[in-house]
Amino acid sequence: MKKRKKVNYSKWGYICIAPFFITFFIFSFIPLLDTIRNSFFQHYFSGLKEIGPNFVGFANYAELFASNLGKYTLNTFILWIIGFIPQIVIALLLASWFTDNTMKIHGERAFKVIIYLPNLIMASAFAMLFFTLFSDSGPINSLLMKMGLTDEPIKFLATTVGTRSLIGLMNFLMWFGNTTIMLMAAIMGVNPELFEAAELDGCNHVQVFFKITLPMIRPILTYTLITSLIGGLQMFDVPQILTNGSGAPDNTSTTLIMLLNTHLKSQNYGMAGALSVYLFIVSGILCFFVYRMLNNQDPDGSKAAAKKAARAAGGRK
Amino acid sequence: MRQHKSPKLRTVLAYVVLVILSFMCLFFFYILIINSTRSHIDLQKGFSAVPGDYFMQNLKNVLNDGTIPIVHGILNSLIVSAGSAALCTYFSALTAYGLYAYDFRLRGPAFIFIMAILVMPTQVTALGFLRLITKMGMYDTLLPLIIPSIASPAVFYFMYSYLQSSLPIALVEAARIDGSPEMHTFNTIVLPLMKPAIAVQAIFTFVGSWNNYFVPALVIQTKKKMTLPILIATLRGADYMNFDMGKIYMMITIAIVPIIIIYLLLSKYIIAGVMLGGVKE
């Protein structure tokens, strides 16, 4: 390798990246260390009285795992998956339709604009809207009764199934457009000769979809799955507002971040710390997969594909 | 054409599915806007598909409600979102440029580090973050909602990819030969070149910040400093049954509709932005 002359300018490299790293160090790294440290201390408020901080080792973790952690982890997973399954199925279907040259869909642009719209809506306001629309005396019940579909109001938010379904529906509506557009980009990146060859060989569209489209975009599907899972782990706004933080009925819609929020609001630093570390480890494992996909050797094209997806998702939280 | 019937049938099916999905996406917002034009008494009567004539009155009621300072909310949200978008895009572009255009010893590790934290949730550090900003005297101010956006790994990565595909290093070297100082090169040559990427990410950061609820709700305590999502959340916490429903719908409208309007105006660029990463190599 030839040594380049721009080595002289290396100090400018440090200057350019300094603001990012200083900000990260102050507002993320120090807080992370402090969070981990707090997880080993008993420190909370009982009324106005401050208890602690006393070093208690792993007692907070023991308490956390003995409490409802498993239940809330399962809740979070259930709420995520009932939104994710329809999301990925519909997105695959739409993406393959939009990119199919044999069927020209009129108004494709307009459809794309409409299905992407909910992604930009404030989740808390969206949840508030759903709360009012689906309340016992709300417009949806009024409409259902007018149409004769039910005689008395359906109490959507009083049942586990109703509440979970509404949360799943909102997550589905907010994310399927985004996923559709990402998968479209992935399919459009597939070598068109493959599709042409398949057509010449007499494949029908179902065969093309399962034998060519799906295998070719598998890396992006995996990427979508993992990033969506990380997003699901962070689920908060929708269930929090919809149930007013209670996770009603009977905590069946309480997510992990809602639990964290409760501990933070009540200033139970020890428990909040232990829960944060738990979340950090779970998301760290997921991050590792994303990292591997974006950085490792590229035997099956997964690196390039995941990179595309990551860039496309740059605007995502 | 082979299989003459099948494609036709599929097309019909596609339209049916698309129309149903579009209906689902728009229906709820349609009721929202209709209901924001109806009075509380009218709303009690149930569902209606036609608008009422109470829009201005509802708007007035919301603006004059002292318990929920919505005007402050809008201003605070604007300040936080615009500030975050500006800082985030500028410094992400700068960081990307630093790692792309310069060779230095820590270049590789720095890049790997950012990739490792690319999708790390911010919630896991919230506890330490709150304690830190309290010590720094920034608790209950808007600053901690703006400054951390300087370090946005995902936006950095988008910018970096964009630079890879559109900034020839020769251009930087040419500017250098012409005697342009390094930062001047970035600000006057590189930044303008990155306009499309910056515009797309500015929109996304703005919207993300506008909608952000978790951290702001933990940081802000004073009513007049609250951003819109926190004010919306207080609606849910309030004695909901005694509330003027017209006002509730109007407040949700105020929180959502500006974003819908911006989106419809810029949808071409936003959709292209989401695609951009996908098709460009």
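What span should the 29 residues of helix α1 (residues 10–38) of chain A have at 1.5 Å a residue, and how far apart are its end C-alpha atoms? The views below start there. The model is predicted: local features need pLDDT of at least 70, side-chain atom pairs count only at pLDDT 80 or more, and totals for chains, interfaces and linings use all residues. Residues are numbered from 1 along each chain as its sequence is written, while chains are lettered from A and ligands numbered from 1 in the order in which they are written.

**View 1. Helix α1 of chain A, its span and bend.**
Helices here are DSSP runs (H or I, at least four residues), as are strands (E, at least two), numbered from the N terminus. At A:Ala18 the helix bends by about 45°. The bend is the angle between axes fitted to the seven residues ending at a residue and the seven starting there. A proline, A:Pro19, follows within four residues.

**View 2. The loop between α10 and α11 of chain A.**
A:Pro249 sits in this loop, between α10 (237–242) and α11 (256–265). A cis peptide bond, with omega of about -5°, joins A:Ala248 to A:Pro249. A:Asp250 lies in the loop too. Its phi is near 55°, positive in a residue other than glycine. Most residues other than glycine have a negative phi, and most peptide bonds are trans. A:Asp250 is exposed, with 9 other C-beta atoms within 10 Å. The cut-offs are 12 or fewer such atoms for exposed, 20 or more for buried, and partly exposed in between, with C-beta atoms placed from the backbone.

**View 3. B:Asp140 in a loop of chain B.**
The loop runs between α6 (126–135) and α7 (143–146). B:Asp140 is not a glycine, yet has a positive phi of about 65°. B:Asp140 is partly exposed, with 13 other C-beta atoms within 10 Å.

**View 4. The side of chain B that touches chain A.**
Here 86 residues of chain B contact 91 residues of chain A. Contact means C-beta atoms, placed from the backbone, within 7 Å. Helix α14 (residues 245–279) gives the most to this side of chain B, with 15 residues. By class, the side has 61 nonpolar, 19 polar and 6 charged residues. Nonpolar covers Ala, Val, Leu, Ile, Met, Phe, Trp, Tyr, Cys and Pro; charged covers Asp, Glu, Lys and Arg; the others, Gly among them, are polar.

Methods: Two residues are in contact if their C-beta atoms, placed from the backbone, lie within 7 Å. The expected span of a helix is 1.5 Å times one less than its number of residues.
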